[in-house]
Amino acid sequence: MKTSVRHAQRNSVNRPPTPDDTVEDQEEKPPSLQDIINIKLIESGEKERLMDLLRERLIECGWKDEMKALCRSFIEKNGRNNVTVDDLIRVITPKGRASIPDAIKAELLQRIHTFLVQAAV
C-alpha cells in the first residue's frame, strides 16, 4: 500500500491536493501542466519561499489583522458557541481572497513567472 506524505505537509482547507495525494484506485493520467509546475515549485523549495513571502506581505499590509477582526466580529455577532471553523472559512475566505492587494498578487505572479522561465517548464 502506498504511504502518503500528506502528514508531513502543512495542510490547509484551501490548499489543493498535491499529486502525492492521489487515490490509488484512480486511473493513471499524465500530469497536467499545473501538476508539473506545482511539483517543480515544491521540489525546488520555491513554493515554501513564495508562501513565506505571501505571509510576510499580508502581515505588512494589515490584511492578517483585518481577517482577524472579521472573524472576531462574525463570532461576536453569532455567538461563540454557535460558530464552527467551517462557518468562519465559508464566510471569511471570499472576503479574504477579494481583499488581497493587487500589488502583492502582481509580485507573486512575477516571482512565479521568473521561476518558470529559469526552470524552463
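The model is predicted: local features need pLDDT of at least 70, side-chain atom pairs count only at pLDDT 80 or more, and totals for chains, interfaces and linings use all residues. Residues are numbered from 1 along each chain as its sequence is written, and side-chain values use heavy atoms, with hydrogens and water left out.

Confidence is expressed as pLDDT, the predictor's score for each residue from 0 to 100. The protein chain has an average pLDDT of 84, and 78% of the residues score at least 70. Helices are DSSP runs of H or I with at least four residues, numbered from the N terminus. Mean confidence is lowest in helix α1 (residues 33-44), at 92, and highest in helix α2 (residues 46-60), at 97. Over residues 1-11, by contrast, pLDDT stays under 50, and the model has 12 contacts beyond four places in sequence for this segment; a contact means heavy atoms within 4.5 Å. Where pLDDT is low, the predicted coordinates should not be read in detail.

Helix α3 (residues 63-78) has 16 residues and reaches 23 Å from its first C-alpha to its last, close to the expected 22 Å; the expected span is 1.5 Å times one less than the number of residues. Within α3, the residues W63, M67 and F74 are buried, where buried means under 20% relative accessible area, exposed over 50%, and partly exposed in between (1.4 Å probe, protein chains only). Seen down the axis of α3, its buried residues fall within an arc of 40°, so they line one face of the helix; the arc is that of the directions from the helix axis to the C-beta atoms. The cover over these buried residues includes α2 and α4 (85-98). On the face turned away from the buried side, α3 carries the exposed residues D65, R72 and E76. After α3 comes G79, whose phi is positive, near 90°.

The largest nonpolar core has 17 residues, of which L58, I104 and L108 touch the most other members. Such a core is a set of buried Ala, Val, Leu, Ile, Met, Phe, Trp, Tyr and Cys residues joined through side-chain atoms within 4.5 Å. At least two residues of this core come from each of α1, α2, α3, α4 and α5 (102-119), and α2 gives the most, with four residues. Leaving aside its neighbours within four places in sequence, L108 is in contact with L50, L53 and L54.
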